Amino acid sequence: MTGPFSVRPLAVADLAELASASAEALADWSAEQLARELERANGWQFVVEARGRAVGFVCGQSVVDEAEILQLGVVKGARRHGVASLLLEYCLGFLAARGINRCFLELRRANRAAEHLYLKYGFRRVGLRKNYYATPVEDAIIMEKVTEGNIS
Ligand SMILES: CC(C)(COP(=O)(O)OP(=O)(O)OC[C@H]1O[C@@H](n2cnc3c(N)ncnc32)[C@H](O)[C@@H]1OP(=O)(O)O)[C@@H](O)C(=O)NCCC(=O)NCCS
């Protein structure tokens, strides 16, 4: 699926779409897990929409001047069209506007697509957590983006 794409806050109505078996946007997550994000203190969640359908999402949390991207995913049929880029640019702009200058995240070591995405946007590897993920067991790479003023 191609654009036009637009960004808006995640809504409960998006959960089924993102969690459908064919979408594969939630990666390791369940719809229930994503629904709980809507209740998270200091949490933020955005979706990219194309022709009335949610095709990708990002969620995270901010505490004081630090943020964490908790999950980001794009439905299979919409990948490689810049949806993740749009989500990342949007949430980095959202954080910058709040004076947040440090953002980190964890991802599976074998997830080369996601690692390339984050490297492209200035994140750097800062650590490794052995056997962090289950089913399948896999190491986590920790990545971080820090800027002097803010993260935009
Ligand atoms: C990783 C993922 C979010 C990328 O989404 P996307 O919308 O296809 O990404 P974009 O089209 O915006 O691509 C932006 C950049 O990401 C990287 N990238 C995306 N897909 C890639 C792939 N399959 N292989 C290598 N690099 C890839 C590239 O650097 C790309 O830039 P380029 O187009 O200039 O080469 C998507 O594949 C996905 O949802 N995967 C499953 C969930 C997941 O792994 N989430 C990350 C957990 S933190």
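Analyst: **Around the ligand**

Helix α4 gives the largest share of the shell around the ligand, six residues. Helices here are DSSP runs of H or I with at least four residues, strands are E runs with at least two, and both are numbered from the N terminus. Before we go on, this is a predicted model, so to speak of local features we need pLDDT of at least 70, side-chain atom pairs count only at pLDDT 80 or more, and totals for chains, interfaces and linings use all residues. Residue numbers start from 1 along each chain as its sequence is written.

Back to the ligand: 21 residues surround it, and the closest are R79, A84, S85, A113 and L117. To be near a molecule or strand, a residue must have its C-beta atom, placed from the backbone, within 6 Å of it. Four elements each supply at least two residues of the shell: β4 (66–74), α3 (83–96), β5 (102–108) and α4 (112–120). Sorted by class, the shell has eleven nonpolar, six polar and four charged residues. Nonpolar covers Ala, Val, Leu, Ile, Met, Phe, Trp, Tyr, Cys and Pro, charged covers Asp, Glu, Lys and Arg, and the others, Gly among them, are polar.

Two of those shell elements, β4 and β5, pair in the parallel sense over four bridges. Two strands pair if DSSP finds at least two bridges between them. Across this pairing, E68 stands opposite F104 in β5.

Zoom out, and you find seven strands in an open sheet with mixed pairing, in the order β1-β2-β3-β4-β5-β7-β6. At the edges sit β1 (5–9) and β6 (124–133), each pairing on one side only. Neighbouring strands of this sheet are turned by 25° against each other on average, direction ignored. Shell helix α3 packs on the sheet, touching β1, β2 (43–50), β3 (53–63), β4 and β5, and its direction makes about 30° with that of β3. For such angles, axes are lines fitted to C-alpha atoms, for helices over the stretch in contact, and the values run from 0 to 180 degrees between N-to-C directions. Contact asks for C-beta atoms, placed from the backbone, within 7 Å.

And the whole protein? It has four helices and seven strands, in the sequence pattern β-α-α-β-β-β-α-β-α-β-β. Its radius of gyration is 15 Å, close to the 15 Å that the globule rule gives for 152 residues, so the protein is as compact as a globular protein of that length. That radius is taken over C-alpha atoms, and the rule is 2.2 Å times the number of residues to the power 0.38. Of the 152 residues, 29% count as buried, meaning 20 or more other C-beta atoms within 10 Å of their own; 12 or fewer is exposed, in between is partly exposed, and the C-beta atoms are placed from the backbone.

Methods: Contact = placed C-beta atoms within 7 Å.
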